[in-house]
Amino acid sequence: ANLFPFQFPPIPGLGATGGFEYQLQSTGSANPQEMAAVMRGFVLSANQHPKLSAVFSTFKAGVPQIFLDIDREKAKLLGVPLQNIFSTLSTSMGGGYINDFNKFGKSYQVTAQASSEFRSGIQDVLNLYVRNQTDEMVPCHCEPW
(Lines give C-alpha, C1' and ligand atoms only; values in the text may rest on other atoms or scores of the structure.)
Protein backbone atom coordinates (compact mmCIF):
# COMPACT_ATOMS: atom_id res chain seq x y z
CA ALA A 1 0.00 0.00 0.00
CA ASN A 2 1.03 3.59 -0.56
CA LEU A 3 0.18 5.94 2.28
CA PHE A 4 0.21 9.72 2.07
CA PRO A 5 -0.57 11.31 5.45
CA PHE A 6 -1.47 14.98 5.46
CA GLN A 7 -3.40 17.42 7.61
CA PHE A 8 -6.71 18.68 6.35
CA PRO A 9 -6.85 22.42 5.68
CA PRO A 10 -8.65 24.56 8.29
CA ILE A 11 -11.16 25.65 5.64
CA PRO A 12 -12.29 22.88 3.26
CA GLY A 13 -11.28 23.67 -0.32
CA LEU A 14 -8.46 26.02 0.65
CA GLY A 15 -4.88 24.98 1.26
CA ALA A 16 -2.20 22.76 -0.22
CA THR A 17 -4.34 19.63 -0.04
CA GLY A 18 -7.83 21.13 -0.03
CA GLY A 19 -8.47 20.46 -3.70
CA PHE A 20 -11.96 20.06 -5.05
CA GLU A 21 -14.64 17.45 -5.07
CA TYR A 22 -16.41 16.12 -8.14
CA GLN A 23 -19.41 13.83 -8.23
CA LEU A 24 -20.01 11.75 -11.33
CA GLN A 25 -23.68 10.95 -11.83
CA SER A 26 -25.47 8.77 -14.35
CA THR A 27 -28.75 10.29 -15.48
CA GLY A 28 -29.37 7.25 -17.65
CA SER A 29 -29.07 3.57 -16.96
CA ALA A 30 -25.29 3.13 -16.78
CA ASN A 31 -24.14 0.14 -14.76
CA PRO A 32 -21.28 0.40 -12.23
CA GLN A 33 -18.70 -0.91 -14.74
CA GLU A 34 -19.68 1.76 -17.29
CA MET A 35 -19.52 4.44 -14.60
CA ALA A 36 -16.07 3.18 -13.56
CA ALA A 37 -14.85 3.43 -17.17
CA VAL A 38 -16.09 7.02 -17.43
CA MET A 39 -14.52 7.83 -14.05
CA ARG A 40 -11.15 6.35 -15.09
CA GLY A 41 -11.23 8.45 -18.27
CA PHE A 42 -12.04 11.56 -16.25
CA VAL A 43 -9.23 10.91 -13.76
CA LEU A 44 -6.76 10.21 -16.58
CA SER A 45 -7.75 13.41 -18.36
CA ALA A 46 -7.67 15.47 -15.17
CA ASN A 47 -4.17 14.25 -14.31
CA GLN A 48 -2.98 15.46 -17.73
CA HIS A 49 -3.99 19.02 -16.86
CA PRO A 50 -0.94 21.04 -15.71
CA LYS A 51 -2.80 22.72 -12.82
CA LEU A 52 -4.03 19.45 -11.36
CA SER A 53 -2.10 16.61 -9.78
CA ALA A 54 -2.86 13.40 -7.91
CA VAL A 55 -6.51 13.37 -9.02
CA PHE A 56 -8.10 10.11 -7.88
CA SER A 57 -11.38 8.44 -7.03
CA THR A 58 -12.27 5.96 -4.32
CA PHE A 59 -15.03 4.41 -6.46
CA LYS A 60 -14.43 0.76 -7.32
CA ALA A 61 -17.04 -1.03 -9.46
CA GLY A 62 -15.63 -4.47 -8.62
CA VAL A 63 -16.10 -4.12 -4.85
CA PRO A 64 -19.23 -5.94 -3.68
CA GLN A 65 -21.80 -3.73 -2.00
CA ILE A 66 -25.11 -4.49 -0.37
CA PHE A 67 -27.80 -2.30 1.11
CA LEU A 68 -29.24 -3.45 4.42
CA ASP A 69 -32.79 -2.53 5.36
CA ILE A 70 -32.97 -2.63 9.16
CA ASP A 71 -36.42 -3.59 10.49
CA ARG A 72 -36.50 -0.77 13.01
CA GLU A 73 -39.97 -1.59 14.33
CA LYS A 74 -39.03 -5.21 15.04
CA ALA A 75 -35.79 -4.10 16.67
CA LYS A 76 -37.73 -1.73 18.92
CA LEU A 77 -40.22 -4.46 19.86
CA LEU A 78 -37.34 -6.78 20.77
CA GLY A 79 -35.60 -4.09 22.83
CA VAL A 80 -32.58 -3.82 20.54
CA PRO A 81 -31.18 -0.29 20.29
CA LEU A 82 -30.28 0.64 16.69
CA GLN A 83 -26.82 1.60 17.90
CA ASN A 84 -26.24 -2.02 18.94
CA ILE A 85 -27.18 -3.22 15.43
CA PHE A 86 -24.93 -0.69 13.74
CA SER A 87 -21.96 -1.32 16.03
CA THR A 88 -22.35 -5.11 15.60
CA LEU A 89 -22.38 -4.73 11.81
CA SER A 90 -19.45 -2.33 11.87
CA THR A 91 -17.29 -4.37 14.23
CA SER A 92 -18.06 -7.76 12.72
CA MET A 93 -17.73 -6.81 9.08
CA GLY A 94 -15.15 -4.01 9.25
CA GLY A 95 -13.46 -4.06 12.63
CA GLY A 96 -13.57 -1.93 15.73
CA TYR A 97 -10.93 -0.32 17.91
CA ILE A 98 -10.87 -1.69 21.46
CA ASN A 99 -7.81 -0.13 23.15
CA ASP A 100 -4.01 -0.01 23.24
CA PHE A 101 -1.67 -1.85 25.55
CA ASN A 102 2.07 -1.76 26.18
CA LYS A 103 4.22 -4.87 26.41
CA PHE A 104 7.97 -5.37 26.04
CA GLY A 105 8.44 -1.65 25.47
CA LYS A 106 6.07 -1.53 22.48
CA SER A 107 2.50 -0.30 22.03
CA TYR A 108 -0.05 -2.62 20.48
CA GLN A 109 -3.52 -1.76 19.21
CA VAL A 110 -6.37 -4.14 19.95
CA THR A 111 -9.18 -4.41 17.40
CA ALA A 112 -12.17 -6.74 17.15
CA GLN A 113 -13.32 -8.23 13.85
CA ALA A 114 -14.97 -11.44 12.70
CA SER A 115 -12.64 -13.93 11.04
CA SER A 116 -12.62 -13.68 7.25
CA GLU A 117 -14.60 -16.90 6.80
CA PHE A 118 -17.43 -15.36 8.86
CA ARG A 119 -17.63 -12.06 6.93
CA SER A 120 -17.16 -13.04 3.30
CA GLY A 121 -20.77 -13.24 2.10
CA ILE A 122 -24.23 -11.78 2.46
CA GLN A 123 -25.39 -14.79 4.48
CA ASP A 124 -22.75 -13.94 7.11
CA VAL A 125 -24.47 -10.60 7.75
CA LEU A 126 -27.79 -12.40 8.21
CA ASN A 127 -26.21 -14.74 10.78
CA LEU A 128 -25.27 -11.92 13.17
CA TYR A 129 -26.85 -11.64 16.59
CA VAL A 130 -27.19 -8.51 18.73
CA ARG A 131 -27.61 -8.13 22.48
CA ASN A 132 -30.88 -6.48 23.50
CA GLN A 133 -31.64 -4.41 26.60
CA THR A 134 -32.42 -7.51 28.70
CA ASP A 135 -29.07 -9.11 27.77
CA GLU A 136 -30.58 -11.65 25.33
CA MET A 137 -29.01 -12.38 21.96
CA VAL A 138 -31.43 -11.76 19.07
CA PRO A 139 -30.96 -11.92 15.27
CA CYS A 140 -29.79 -8.71 13.63
CA HIS A 141 -33.06 -8.34 11.61
CA CYS A 142 -31.64 -6.92 8.39
CA GLU A 143 -32.62 -7.74 4.85
CA PRO A 144 -30.11 -7.23 2.04
CA TRP A 145 -31.11 -5.61 -1.24
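Colleague: Which backbone nitrogen lies 3.0 Å from a polar atom of the Asn132 side chain?
Modeller: Bear in mind this is a predicted model, where local features need pLDDT of at least 70 and side-chain atom pairs pLDDT 80 or more, while totals for chains, interfaces and linings use all residues. Residues are numbered from 1 along each chain as its sequence is written, and side-chain values use heavy atoms, with hydrogens and water left out. Asn132 sits in the loop between strand S4 (129–131) and strand S5 (137–139). The nitrogen 3.0 Å from its side chain belongs to Thr134.

Colleague: Is Asn132 buried or exposed?
Modeller: Buried means under 20% relative accessible area, exposed over 50%, partly exposed in between (1.4 Å probe, protein chains only). Asn132 has 7% relative accessibility, so it counts as buried.

Colleague: Which residues does Asn132 touch, not counting those up to four places away in sequence?
Modeller: Touching here is contact, heavy atoms within 4.5 Å. With close sequence neighbours set aside, the partners of Asn132 are Leu78, Gly79, Val80 and Val138.

Colleague: How many residues make up the largest nonpolar core?
Modeller: A core is a set of buried Ala, Val, Leu, Ile, Met, Phe, Trp, Tyr and Cys residues joined through side-chain atoms within 4.5 Å. Val80 and Val138, both touched by Asn132, belong to the largest one.

Methods:
Helices (H or I, at least four residues) and strands (E, at least two) are DSSP runs, numbered from the N terminus. A polar contact is a pair of N or O atoms within 3.5 Å; within protein, one must be able to donate a hydrogen and the other to accept it, and residues adjacent in sequence count only if both atoms are side-chain atoms.
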